[in-house]
Amino acid sequence: MNPSGQWLQTWGPSRNPNPNLKWEMKKEWNFGIDFGVLTNRVTGSLDVYKRKADNLLMTSVKVPSPANIHSSSTLNIGSITSSGLELTLNTIPIVRKDFQWRSTVTLSKVFSNKLEDFSYSSADYLEFGGIGGYGSLGNAVRLYKGSNIGDFYGKRFAGFNESGEWLFYNKEGEKVTADLIYDDDKTVIGNGQPKWYLSWTNNFQYKNFDLSFMFKGRFGYDVLNRMNMFYNNLTTLQAGYNVLNSAINEGVSATYQYSDYYLEKGNYIRLDNITLGYNFKNKNEKWPSFRVYVSATDLFTITGYKGLNPEMDDTGMAPSMEACGRTPVTRSVSVGLNVNF
């Protein structure tokens with residue numbers, strides 16, 4: 001401690017000791033059915049599961065300093081439960097001498113994904129998902145005991161007043177300016193955890209030609225469009241920073257505020273890849289056979305989301321927050337040759 005009463009770190013441990021730290025423990029039950037009908041032209045599996053993870057590890061939990069050496073520690077903070085179902089369906093719709101079609105559909109449904117319990121917190125909730133940007137916007141996700149993982153927590157947008165200032169609903173349902181919104185006026189405004197996952201793969205063969213493609217999608221979740229929050233704002237332009245083209249005509253003129261104004265439905269379906277090939281087969285085994293093909297990825301996406309890409313990280317406590325520095329989805333086309341000796 002220096003003469004002014006401040007603690008100065010000189011030499012010592014790089015982290016707080018925690019003799020009570022434990023490994024995470026996971027328990028799971030799974031009920032599954034495998035089936036096949038029509039002489040196995042249709043096969044599949046259905047699994048229903050429930051999982052519980054105890055002693056969840058969390059880094060950088062705030063602790064008092066002193067008595068601790070550092071102001072944050074790695075602690076066991078609680079437990080999470082999740083449940084859902086997974087369905088896989090394999091079909092062979094057409095089998096002919098020169099033509100075959102095989103199709104696979106995979107569907108997953110998340111019933112629940114909850115923070116069942118937590119401890120070692122100075123408040124009665126945990127927060128995740130730093131919003132970033134200029135100003136103290138805080139965190140986008142707040143979880144209480146029993147909350148759904150990925151709950152966006154914040155203000156409810158109510159429009160703009162005649163001066164162009166933000167209006168939000170308070171807990172009584174009244175429209176007030178941002179300076180009259182308090183913590184108990186905030187609530188759950190969305191959730192970033194997808195409820196449904198879908199993939200559909202198809203493979204066709206006609207004589208020496210082959211064609212395959214796959215669609216995939218996610219449904220039932222919200223995305224925090226931070227790109228729109230920061231760069232569709234005229235105050236950002238006035239500060240000398242780049243903005244989106246839309247900011248000139250329809251951008252917000254008030255300093256950006258975190259609320260459900262910037263939450264969008266992330267539902268999408270995408271043609272993820274498609275490949276067309278041709279096999280040159282030699283009857284003489286001494287000569288190699290070869291296949292030429294053309295393949296493309298990320299051809300198109302059907303979505304109402306206005307950001308760069310609705311598909312983003314959906315793991316952790318704060319899923320589906322689009323980063324400001326994210327790059328657009330890149331469509332690619334490739335041509336290849338396979339040679340078999």
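**Note on a predicted model**

1. Start with the surface. Strand 1 (residues 25–37) gives the largest share of the nonpolar patch, 4 residues.

2. Who makes up the patch? The residues are W29, F31, I33, F35, L46 and L89. Together they form a nonpolar surface patch of about 540 Å².

3. Look at one member of the patch. I33 lies in strand 1. Its relative accessibility is 41%.

4. Next, the aromatic rings. The model has 22 aromatic pairs. Ring pairs also link several residues into a cluster: F99, W101, W200, F204, F213, F215 and F300.

5. Two charged side chains sit over rings. The charged end of R142 lies over the ring of Y125, 3.9 Å from the ring centre. K155 places its charged end over the ring of F168, 5.3 Å from that centre.

6. How many strands form the open sheet in the order 17-16-20? There are 3 strands, and their pairing is mixed. Strand 17 (263–265) and strand 20 (321–322) are the edge strands, and each pairs on one side only.

7. Zoom in on one pairing in that sheet. Strand 16 (residues 222–225) pairs with strand 17 in the antiparallel sense, over 3 bridges. Which residue in strand 17 is the bridge partner of D222? That partner is K265.

Technical notes:
Residues are numbered from 1 along each chain as its sequence is written. This is a predicted model: local features need pLDDT of at least 70, side-chain atom pairs count only at pLDDT 80 or more; totals for chains, interfaces and linings use all residues. Side-chain values use heavy atoms; hydrogens and water are left out. Rings of Phe, Tyr and Trp (its six-membered ring) pair if their centres lie within 6.5 Å; planes under 30 degrees apart count as stacked, over 60 as edge-to-face and the rest as tilted. A charge sits over a ring if NZ of Lys or CZ of Arg is within 6 Å of the ring centre and within 35 degrees of the ring normal. Patches are made of residues with over 30% relative accessible area and no salt bridge: like charges are joined within 9 Å, nonpolar side chains (Val, Leu, Ile, Met, Phe, Trp, Tyr) within 5 Å. Accessible areas come from the Shrake-Rupley method with a 1.4 Å probe; for residues, only the protein chains shown count as cover. A salt bridge is a side-chain nitrogen of Lys or Arg within 4 Å of a carboxyl oxygen of Asp or Glu. Helices (H or I, at least four residues) and strands (E, at least two) are DSSP runs, numbered from the N terminus. Buried means under 20% relative accessible area, exposed over 50%, partly exposed in between (1.4 Å probe, protein chains only). Two strands pair if DSSP finds at least two bridges between them.
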